[in-house]
Amino acid sequence: MDSNDLTQWVVHIEVRLKPRVARSFETLRGHVHDWLTSSFERISLPSSLEGWEDIPVLASAVEHVEACESVCPHPSLAISEISFQIHIYQLSSTDTFEEYTNHDGVQTGEDDTTASTVWELPNRSFEGMWESLIFPDTVKLQLLDYIQATFVLSDADIDFNLVTWNRVVLLYGPPGTGKTSLCKALAQKLSIRLSHRYPQSRILEINSHSLFSRWFSESGKLVQRLFTSINALVDEEDTFIVVLIDEVESLTASRAAVMAGTEPSDGLRVVNALLTQLDKLKHKKNVLVMATSNLMNAIDTAFIDRADIVQFIDLPPREAIYAILRTCLMEMMSKKVVEPVDVPTIADARMYERAGDFTSMSPSEAPEDPDLLSVYVAFRLLELAAECKALGVSGRALRRLPVLALAKYIGVGSITTHLSPPMSMKNVQANGNGRPVVTNGIPRHVGRAADVVTWLGAIGKVLKDRPALPV
Ligand SMILES: Nc1ncnc2c1ncn2[C@@H]1O[C@H](COP(=O)(O)OP(=O)(O)OP(=O)(O)O)[C@@H](O)[C@H]1O
């Protein structure tokens with residue numbers, strides 16, 4: 001951007017408070033703004049910000065500050081180019097609660113089926129999920145922008161008869177590509193970003209299979225009953241509700257298939273009931289329906305037609321695989337399971353690749369010099385990512401590779417420490433190669449870690465066992 005250009009980019013700053021801190025969010029927002037504008041010249045996007053620990057009022061209340069990714073094409077921005085939107089939030093640790101329904105609508109215990117599970121948002125169980133999901137392009141930001149666009153139009157009091165939307169998003173694609181996780185992560189993000197409008201947020205996950213009653217013809221009624229409880233939640237106008245329908249094809253089986261006799265006739269009642277209920281929900285501002293499917297062809301076209309966004313989520317491309325494997329490796333390094341080295345980002349790895357810095361090297365020739373070792377790691381990770389891409393490995397299977405590598409090729413016995421449960425202080429004593437440390441008050445042993453070259457080699461071997469590798 002031209003330095004004379006007065007355009008400012010909106011940058012979202014998310015400030016997570018410690019549990020049980022009872023301070024005015026408005027006052028804290030002011031302190032965070034003052035700290036940002038007085039302490040930084042530039043901010044990298046995305047990045048975790050540090051330095052608030054030196055401001056007593058922030059140190060006593062804050063747990064984490066994140067400058068979120070932005071549509072801005074620059075990796076960092078000068079403070080003068082930024083218009084801050086500061087979101088203060090506190091995580092709920094509340095366990096999920098389940099809503100029960102049965103054929104006659106009375107909770108009786110044995111016959112009850114769990115029709116839905118509800119979480120308060122933002123919830124500790126979903127923290128970090130957004131960052132951990134890696135997709136090509138700007139899939140995540142586009143989805144976030146879509147929701148924000150609906151709020152801009154709602155605020156402008158746009159006539160719903162002229163410009164309309166249904167608040168329904170459908171993600172489809174192969175299994176294990178992160179669709180369900182993306183829905184949950186998006187719900188968490190929205191609960192933080194929309195907290196000035198909606199002080200409460202919840203996600204309600206529908207258990208599609210439970211809605212098929214063993215009492216013939218009851219399923220349509222079960223859907224209606226479930227939506228009666230959803231409507232009760234939505235009626236609280238200061239609460240934002242995300243309704244997640246996983247495997248939506250089981251609830252919205254194509255009516256053509258039902259007519260042709262390839263689907264049970266109960267399916268017809270369910271899909272009709274669901275479409276009717278969705279039409280009623282679309283007038284509510286505080287609800288978003290997110291659905292996922294592996295079988296797009298099996299979904300009734302009337303449901304697809306109601307979705308404002310139909311987004312294909314594919315198997316990860318090489319760059320995303322690199323980034324996912326890198327996060328796995330870095331997590332293991334941070335927990336001392338793998339010896340720490342600098343693992344280049346995908347951007348750096350591609351730079352090395354373009355510069356021709358890679359020469360084919362066998363693991364026995366891996367350099368000892370830390371800088372060269374880090375280039376070697378980038379090289380091996382790119383190779384592994386290309387292999388995974390060729391095999392069509394899903395994101396879910398990628399995250400399993402470290403466990404398989406440890407179990408099959410490294411050997412559980414060759415690594416000590418974090419495999420054992422936390423010990424009390426009096427039990428802490430140096431053992432074997434380990435020495436005791438205290439992390440967050442929990443004593444742990446730092447033991448023998450595998451070296452990164454061995455790890456990468458083991459992951460390569462797991463990929464070679466193709467039949468045993470669940471993709
Ligand atoms: N693109 C990705 N980036 C990072 N992690 C991913 C990605 N895709 C999948 N994963 C990992 O795989 C796990 C499974 O993902 P998830 O259940 O959301 O996939 P899904 O597409 O909904 O699968 P299914 O269709 O089988 O229900 C997640 O916990 C996540 O760790």
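Start at the ligand: select the 19 residues that surround it, of which the closest are P175, G178, T180, S181 and G395. Colour the shell by residue class, and seven residues come up nonpolar, nine polar and three charged. Keep in mind throughout that this is a predicted model.

**The domains**

Next, colour the protein by domain. Domain 1 covers 9-89, domain 2 covers 97-312, and domain 3 is made of 318-415 + 450-468. Now select the contact of domain 2 with domain 3: nine residues come from domain 2 and nine residues from domain 3. On the domain 2 side, five of the residues that touch domain 3 are nonpolar and four are polar, with no charged residues.

With the domains still coloured, go back to the ligand. Where does it lie relative to domain 2 and domain 3? Both domains give residues to the shell, so the ligand lies between them.

**Helices α13 and α14**

- from α13, L401, L404, A405, K408, Y409 and I410;
- from α14, T454, W455, A458, I459, K461 and V462.

This contact holds nine nonpolar residues, one polar and two charged.

**Helices α11 and α12**

Move to another helix pair: select α11 at residues 346-354 and α12 at residues 370-391. Here the axes are 10 Å apart and the packing angle is about 95°. That angle makes α11 roughly perpendicular to α12.

Which residues make the contact between α11 and α12? Select D348, A349, Y352 and E353 on α11, then V375, A378, L381 and L382 on α12. Six of the residues in this contact are nonpolar and two are charged, with no polar ones.

**The whole protein**

Finally, zoom out and show the cartoon. The protein has 14 helices and 15 strands. Of its 471 residues, 33% are buried. Among contacts with a separation of 6 or more, 77% join residues 24 or more positions apart.

Terms used: Residues are numbered from 1 along each chain as its sequence is written. This is a predicted model: local features need pLDDT of at least 70, side-chain atom pairs count only at pLDDT 80 or more; totals for chains, interfaces and linings use all residues. A residue is near a molecule or strand if its C-beta atom, placed from the backbone, lies within 6 Å of it. Ala, Val, Leu, Ile, Met, Phe, Trp, Tyr, Cys and Pro count as nonpolar, Asp, Glu, Lys and Arg as charged, and the others, Gly among them, as polar. Domain bounds come from an automatic or database domain assignment. Two residues are in contact if their C-beta atoms, placed from the backbone, lie within 7 Å. Axes are lines fitted to C-alpha atoms, for helices over the stretch in contact, and angles run from 0 to 180 degrees between N-to-C directions. Helices (H or I, at least four residues) and strands (E, at least two) are DSSP runs, numbered from the N terminus. Angles under 35 degrees count as roughly parallel, over 145 as roughly antiparallel, 65 to 115 as roughly perpendicular and the rest as oblique. A residue is buried if 20 or more other C-beta atoms lie within 10 Å of its own, exposed if 12 or fewer, and partly exposed in between; C-beta atoms are placed from the backbone.
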